[in-house]
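Student: I'd like to learn how to read some features of a protein model. Could we go through them together?

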Amino acid sequence: MFKKFTIGCGGVFLILLLICGGLAWKIVGPSKSLVISPETTFITEPLTPEGYVDYPAALLDELREGVTPENNGAIVYLQATWPSGLDEPQQAIVCNELGMEIPTRNGFMLLEESPQAEEIQAWLEDGGDLVFEDSKAVLRSASQAPWRREDCPPLAVWLDSQKEDLDRLAELENYSHFYLPSDEFFTDPDALLLEHQLIFGKQARDIARALSARAMLAISESRPDDAARDVQTLFVLSRVLSPEDYLIHHLVEIAIRRMVIAATYALLASGQCDVRLLEEMVKYQDAHPEDRTFLVSINQSERYAGLQVAQMLANGCDPADLTEPLYIEEEGAKRLLQIPFDRNVMMRQLNSHYDSLATALALDTLAQRADAIAACDEQFQIAVGKIRDPEVLSRALIEQSDRGRLVGDVLAAMLVIMNTMPLRTEVETNLRLRLLRISIALEQYRLEHDEYPETLQALTDKLDQAKLKDPFSDGSYRYDRRGAGYLLYSLHIDREDDGGDDPILNIYGGEFVESGPLAYEEGDVTALLPLAPSKFLQLDEE
């Protein structure tokens, strides 16, 4: 009897042991190998010697496609801006890759590196109680509104000294490609794409400020053709400087495009544009469709950078090595990454988030894209919330597939969600460019009739009626002629008429003010003339 009892207990114990062992294996046992496929890795070649996708090599191959020294505008850009922030080893590597000789003369010189920087500093110290305290702040101020040479003589001297190189940048319009890769592709092929040093983005913004400041100076000196030429160069710069199409490049592009808009409105408000110049501005704007390069980015560089990290995690990389580039601060997320998970489920989940964003960006209309981006953002916020959801975490504790899905969501929260705000900004900037096109037509009308029209319908001979349709309402853009100017606005993404209150430009009650109560999502997108009076060196910092 005792023997039977002992055998029975032993059997139960063995069963329990098998169950516990199976459960433990299910929880912490190794997951299946990563399968290379469009659903998991998005691209399937080229491969590393270990058989994994080589994302840096794939990106480099795609960036090189169709590029020759004859059609590559980056060579002109480097010649005009040399040494372009590159140190000596980088110079040889980049020039060799582009098939160009190392320039023998330096090009554009940053203001803070020029002899005029000290003169501006001395001028500021003698100028009393001014808002800004260094040369970069002075340039930023000068790029935002018309100013005179006597306002800051050293700044004018510096701009004059940079004329040859700034003028050269206008040639970028004549090139079909702009290939300027990070030197890390060649010096450290295994480096994370997320950690490439994108020095050209920062430099491009400094160059854009110089062009904008020069345009503003030309306006004050009644040289509208020179101002328009610099504005056009700014526009070209904003369209070509995305060599690897990373998020940071797009942010710089948007910032430059905002300079284009501000400088063009300053030119329109100056009253210096004649019929010929306005026609040239119309022709140029109509020849260049709205920028939608974020779609390329989501399906290329941004996705490749994210999937490279995910693939490294899937193949056993220590999560601690990726905490910094991923900006992972949530302790629950850090612990989750240390437990075995289904690698293929994780890759598919992350890919699905990129797919959602790419689908949103591929939609036809501005309003459709804005709505879809907002929906993606909401889904990403839900994904972030899962990290703190006890029910989700308890399921993930048992099932590797659930853990894989959750890890994919965690990575999406770190890698994909940061794209949604710039995407909304791109929608807003494109909307402002549409308003700018209408403003040019309004200025054409004013030249013909000595006043602005009562309604936008008077522009039928100057503008396609479809361009008067507000994408965020059922009718046209709101327009109100006011004395010597007008108020023109779109309802923007909340589709509520706020009377033209614009929280970005600080327009409230039809006037420019210091600040207002609305958040970004709540206001309209507005054009208001006359512009607010601006005093040099008294503008808000960006």
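Tutor: Rings of Phe, Tyr and Trp (its six-membered ring) pair if their centres lie within 6.5 Å; planes under 30 degrees apart count as stacked, over 60 as edge-to-face and the rest as tilted. Here, Tyr452, Tyr479 and Tyr486 form one aromatic cluster. This is a predicted model: local features need pLDDT of at least 70, side-chain atom pairs count only at pLDDT 80 or more, and totals for chains, interfaces and linings use all residues. Residues are numbered from 1 along each chain as its sequence is written, and side-chain values use heavy atoms, leaving out hydrogens and water.

Student: How many aromatic pairs does the structure hold?

Tutor: Seven. One of them joins tyrosine 55 and tyrosine 304, tilted with 50° between the planes and 5.9 Å centre to centre.

Student: Is tyrosine 55 buried or exposed?

Tutor: Buried means under 20% relative accessible area, exposed over 50%, partly exposed in between (1.4 Å probe, protein chains only). Tyrosine 55 has 0%, so it is buried; tyrosine 304, at 3%, counts as buried too.

Student: What should I look for in a strand?

Tutor: In a regular strand, side chains alternate between the two faces of the sheet. Strands (E, at least two residues) and helices (H or I, at least four) are DSSP runs, numbered from the N terminus. In E5, Val525, Ala527 and Leu529 point one way, while Thr526 and Leu528 point the other.

Student: Why is strand E5 largely enclosed by the rest of the structure?

Tutor: Because five of the five residues of E5 (residues 525-529) are buried.
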